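Hi,

Here is the structure I promised to pass on. Have a look at it first, and then read on for what turned up.

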Amino acid sequence: MLGWLCLTFGVAFGSSLLPLISIEIFVVGLVTQQPGISCWWIGLVVAVGQVLGKMFYFLAARGSLHLPALLRRKEKPAKPLSPWRQKWKTRLEWVRVRCHRHPQWMFGTHAVSSVVGLPPFMFTCVLAGLAGMSSWLFVSTGMIGRFARFTVLAASPAALAGWLVH
């Protein structure tokens with residue numbers, strides 16, 4: 001069981017960094033192949049892996065984590081922005097200002113996103129960093145929401161099977 005939980009942690013951590021990996025599909029596959037693993041343990045392990053991985057995005061957006069030169073954009077000479085880029089830059093600044101002005105909005109948005117996945121959790125992690133959300137609030141909100149989401153997901157195949165049989 002410990003081996004499966006370590007693998008689950010690795011997949012959860014990897015999927016939080018590279019969104020091409022689907023932790024949801026992995027969890028459903030895991031519980032159908034290894035029904036002896038408690039949904040509570042799976043929810044906890046996935047929550048820890050997901051939040052630890054998203055911390056990189058959160059800290060980078062906050063400016064606390066400096067990316068290596070390989071991952072940073074090359075500095076280009078300043079040139080006028082196209083109307084489309086200027087429009088998006090203005091929108092992003094509008095959102096950033098609103099988040100600083102109303103920090104409780106970011107808490108609610110991040111909490112809902114950690115459970116439901118809409119807006120995308122990665123987006124709210126970056127936005128939380130840009131908005132200056134406290135690390136403690138970011139981690140606790142993300143852990144509680146992700147734990148709830150993945151515990152329910154891990155329990156769903158057994159619950160569905162029990163419901164269909166009766």
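A residue is called exposed when its relative accessible area is over 50%, and buried when that value is under 20%. Please keep in mind that this is a predicted model.

By that cut-off Leu118 is exposed, because its relative accessible area is 61%. You will find Leu118 in the loop between H5 and helix H6 (121-131). Together with Val112, Val115 and Val116, Leu118 makes a nonpolar surface patch of about 350 Å².

Helix H5 (residues 103-116) also holds His110. His110 has a relative accessible area of 0%, so this residue is buried. Setting aside neighbours within four places in sequence, the contacts of His110 are Phe121, Thr124, Cys125, Met133, Phe138, Thr141 and Gly142.

Now to helix H2 (residues 23-33), where Ile23, Val27, Leu30 and Val31 are buried. Viewed down the axis of H2, these buried residues fall within an arc of 90°, so they line one face of the helix. Ile25 and Gln33, on the other side of H2, are exposed.

One last item may interest you: how many salt bridges does a search of the whole structure find? The search finds one. The partners are Glu24 and Arg149, with their closest N and O atoms 2.9 Å apart. Glu24 lies in helix H2 and Arg149 in helix H7 (residues 135-165), so the pair ties together parts that are 125 residues apart in sequence. Glu24 itself counts as partly exposed, at 27% relative accessibility.

Best wishes

Technical notes. Residues are numbered from 1 along each chain as its sequence is written. This is a predicted model: local features need pLDDT of at least 70, side-chain atom pairs count only at pLDDT 80 or more; totals for chains, interfaces and linings use all residues. Side-chain values use heavy atoms; hydrogens and water are left out. Helices (H or I, at least four residues) and strands (E, at least two) are DSSP runs, numbered from the N terminus. Buried means under 20% relative accessible area, exposed over 50%, partly exposed in between (1.4 Å probe, protein chains only). Contact means heavy atoms within 4.5 Å. The arc is that of the directions from the helix axis to the C-beta atoms. Patches are made of residues with over 30% relative accessible area and no salt bridge: like charges are joined within 9 Å, nonpolar side chains (Val, Leu, Ile, Met, Phe, Trp, Tyr) within 5 Å. Accessible areas come from the Shrake-Rupley method with a 1.4 Å probe; for residues, only the protein chains shown count as cover. A salt bridge is a side-chain nitrogen of Lys or Arg within 4 Å of a carboxyl oxygen of Asp or Glu.
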